[in-house]
Amino acid sequence: MNISNSDTSRILNDEQISLVQETFALVEPIADDAAILFYDRLFTLDPSLRPLFKEDLAGQKKALMATLKIAVKGLTNLATIESAVQQLGERHARLRRHARPLRHRRRSLAVDP
Ligand code: HEM
């Protein structure tokens with residue numbers, strides 16, 4: 001699927017894009033705290049997801065916020081982020097397929113993944 005720039009306006013209008021970009025700019029200075037809130041919330045909603053991630057979330061938090069930054073910047077030009085977002089989605093879909101056996105394995109081994 002190809003997203004042309006004209007499609008952008010159908011998904012989010014200029015005002016909505018500005019709101020997302022302006023509010024993300026407020027979050028950026030506290031990116032590490034924001035990432036902690038994100039993963040705290042994720043693992044509260046579904047504690048069984050925790051074993052899918054490394055014990056030390058430092059790298060994961062950085063990857064999350066760096067990815068969000070690129071995505072938020074790309075809202076004004078979706079074509080620039082289309083393939084990266086698609087690949088990320090495909091990797092997450094694969095993670096989902098492997099999630100169940102992986103969770104059981106990591107739990108039963110009780111090791112740092
Ligand atoms: C805005 C939402 C999200 C973004 C931007 C995001 C981004 C990322 C990035 C950049 C990575 C690093 C590896 C890679 O590039 O493939 C990653 C890994 C991962 N993500 Fe996400 N993610 C998001 C939401 C989620 C959610 C909701 C889940 C679970 C339900 C999840 C589960 C995972 C898992 C299990 C890994 C692999 C961790 C590891 O191997 O240590 N992600 N994610």
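The secondary structure of the protein amounts to five helices and zero strands, in a model that is predicted, and the pattern read along the sequence is accordingly given as α-α-α-α-α. Of the 113 residues in the protein, buried residues make up 3%. Among the contacts between residues at least 6 apart in sequence, 71% join residues that are at least 24 apart.

Helix α3, which covers residues 31-45, and helix α4 have axes that come within 9 Å of each other and cross at roughly 105°. Because angles of 65 to 115 degrees count as roughly perpendicular, α3 is described as roughly perpendicular to α4. On the side of α3, the contact is made by A31, D32, A34, A35, I36 and F38, whereas α4 takes part through K61, L64 and M65. By class, the residues of this contact of α3 with α4 comprise seven nonpolar and two charged residues, with no polar ones.

The ligand is surrounded by 14 residues, of which L52, A63, T67, R91 and L95 are the closest. At least two residues of this shell are supplied by each of α4 (58-73) and α5 (82-109), and the greatest share comes from α4, which gives five residues. In terms of residue class, the shell around the ligand divides into nine nonpolar, three polar and two charged residues.

Conventions:
Residues numbered from 1 in each chain as written. Predicted model: local features only at pLDDT ≥ 70, side-chain atom pairs only at ≥ 80, totals over all residues. Near = placed C-beta within 6 Å. Helix = DSSP H or I, 4+ residues; strand = E, 2+ residues; numbered from the N terminus. Nonpolar A, V, L, I, M, F, W, Y, C, P; charged D, E, K, R; others polar. Buried ≥ 20, exposed ≤ 12 C-beta atoms within 10 Å, placed from the backbone. Contact = placed C-beta atoms within 7 Å. Axes fitted to C-alpha atoms, helices over the stretch in contact; angles between N-to-C directions. Parallel < 35°, antiparallel > 145°, perpendicular 65-115°, else oblique.
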